[in-house]
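Please open the structure in your viewer and keep the selection tool at hand.

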Amino acid sequence: MNRSYVVQILVPKETGKGEPVSKEWFDKFLQKLTDEFGGATSYIRAPAKGLWRSGDTTERDDIAVVEVMATKLAPEFWRSLRERLERELSQEEIVIRAQEIIAL
């Protein structure tokens, strides 16, 4: 059996400053991931809705999900990417999660 991982990056559709993240930005981001991993999939046109509690208020976000397949995890790469995205998009936190998959 071959083991690999699906890595999902939850990217907000707006920056922390309330500016929309452009289609061009998503295209460049997807191309960078494709160059690094040989392919990437984005779910930009059907954004997910996120809700979370922050003190006494409920925060809302529209997010896009970007996925890549990786044959191994490289935590330092993903940590660095997360930190870069948080700075670039003016976000307190970007979620990147991975799940092991087994191809049968």
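Leaving aside its neighbours within four places in sequence, with which residues is glycine 16 in contact? In this predicted model, select glycine 16 and display its surroundings: the residues in contact are Leu89, Ser90 and Gln91. Glycine 16 itself is placed in the loop between strand 1 and helix 1.

Glycine 16 and arginine 87 are 71 residues apart in sequence, while their C-alpha atoms are 9.7 Å apart in space.

Now select threonine 15. This residue is also found in the loop that runs between strand 1 (2-12) and helix 1 (23-37). Is threonine 15 buried or exposed? Threonine 15 counts as buried because its relative accessibility is 14%, and buried means under 20%. Not counting residues up to four places away in sequence, threonine 15 touches Val21, Leu89 and Gln91. Leu89 and Gln91 were also among the contacts of glycine 16.

Then move to helix 2, which covers residues 75-88, and select glutamate 86 within it. With a relative accessibility of 14%, glutamate 86 counts as buried.

Which residues does glutamate 86 touch, not counting those up to four places away in sequence? Display Gln91, Glu92, Glu93 and Ile94, which are the residues in question. Finally, follow the side chain of glutamate 86 towards isoleucine 94: the side chain reaches the backbone nitrogen of isoleucine 94 at 3.0 Å.

Technical notes: Residues are numbered from 1 along each chain as its sequence is written. This is a predicted model: local features need pLDDT of at least 70, side-chain atom pairs count only at pLDDT 80 or more; totals for chains, interfaces and linings use all residues. Side-chain values use heavy atoms; hydrogens and water are left out. Helices (H or I, at least four residues) and strands (E, at least two) are DSSP runs, numbered from the N terminus. Buried means under 20% relative accessible area, exposed over 50%, partly exposed in between (1.4 Å probe, protein chains only). A polar contact is a pair of N or O atoms within 3.5 Å; within protein, one must be able to donate a hydrogen and the other to accept it, and residues adjacent in sequence count only if both atoms are side-chain atoms. Contact means heavy atoms within 4.5 Å.
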